[in-house]
Amino acid sequence: MKKLLFPIIAVMLILVACGNQSDSDSSKGKKAETKSYTLDSGKKIDIPKDPQRIAVVAPTYAGGIKYLGGKIVAVNEQVDSSKLLKDKFKGVEKIGENDVEKVAKTKPDLIVVYSTDKNIKKYQKIAPTVVFDYGKHKYLDQQKELGKLLGKEDKVKSWEDKWKSETKKDGEEIKAKIGEDATVSIFDEFDKKLYSYGPNWGRGGEVIYQAFGLKIPDKLNDLVKKEGWAEVKQEKVADYAGDYIVSTSEGKAKPAYEKTELWKNIPAVKNDNVIQVQAETYWYNDPYTLEYMRKDLKEKFLNK
């Protein structure tokens, strides 16, 4: 009897080993499943088809990836400056601009960075690294790229269709109130300097100019069109002021430029056509932030 048992046990052990090996190979195959993705530079890289551990070093893309169900294990700490995004990333590891080792410890299978990041080569040694050139994409195209990245093109299309429909109606309502040809300027004080922004550099520009279809003053457009933003000398602020001004001064001490006689004599200021918004929340242009800005700006324009 014992003689018969030994061969049977041996066969069973071999079968179990083969099964385990097969499962292991299958798991490895699943882990290694990739797809080709074309970077903004034109270079093609292989990325996980279904990334499970994404490190978002470039905060601009964090909200968009989160909205599409991306599994984020590390995110730039700058998202906490936005009251909207801070809530979305509770419990996620926060990283600084140069926290390469901290990123590595989260064991990402995909890393997202700006083209200006000086640590790109270091990140590439950790995991496939997608490098985005922020200035290359308008805000809707940006979300489409994230859809390609995660294989969520259909979800992006549904969101975009709804967004365009809603903002078209909003824009029509706002124009009916302020006038078809009314112009809008965005002013933002940062580090004691005054800046203005065009249609694709955050601070509400995407919603105001692209989605609502409101007009930017010609002179201001000439100033910002090259870089998307520009510093405005405080003594020249009146030259770039539109019929309406969106100021990122909500919740802050009054900016220095708003205390000057020059500012007080601008027609938009005299007519009480200054709309205050919160700078940090308006930095971003992901679906969560866009929806907040859509409602916030619509309400404030219509109540003027």
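## A salt-bridge network

Glu 166, Asp 170, Glu 173, Glu 291, Arg 294, Lys 295 and Lys 298 form a linked network of salt bridges. A salt bridge here is a side-chain nitrogen of Lys or Arg within 4 Å of a carboxyl oxygen of Asp or Glu. This is a predicted model: local features need pLDDT of at least 70, side-chain atom pairs count only at pLDDT 80 or more, and totals for chains, interfaces and linings use all residues. Residues are numbered from 1 along each chain as its sequence is written, and side-chain values use heavy atoms, with hydrogens and water left out.

Arg 294 lies in helix 14 (residues 287–302) and Asp 170 in helix 7, so the pair ties together parts that are 124 residues apart in sequence. Both Arg 294 and Asp 170 are buried. Buried means under 20% relative accessible area, exposed over 50%, and partly exposed in between (1.4 Å probe, protein chains only).

Lys 295 and Glu 291 also meet in a salt bridge, at 3.7 Å from N to O. They sit four residues apart in helix 14, about one turn of the helix. Glu 291 is partly exposed, at 24% relative accessible area.

## A pair within helix 7

Lys 157 and Asp 161 form a salt bridge, with their closest N and O atoms 2.8 Å apart. The two are four residues apart in helix 7 (residues 153–178), so about one helical turn separates them. Lys 157 is partly exposed, at 47% relative accessibility. Asp 161 is partly exposed too, at 41%.

## The whole chain

The protein chain has 14 helices and 12 strands. These are DSSP runs, numbered from the N terminus: helices are H or I with at least four residues, strands E with at least two. Of the 304 residues, 46% are buried. The salt bridges number 23.

## A buried aspartate

Asp 40 lies in the loop between strand 1 (34–38) and strand 2 (44–48). Asp 40 is buried but has no salt bridge. Its nearest side chain of opposite charge is Lys 136, 4.7 Å away. For charge, Lys and Arg count as positive and Asp and Glu as negative; His and the chain ends are not counted.

Leaving out residues up to four places away in sequence, Asp 40 touches Val 131, Phe 132, Asp 133, Lys 136 and His 137. Contact means heavy atoms within 4.5 Å.
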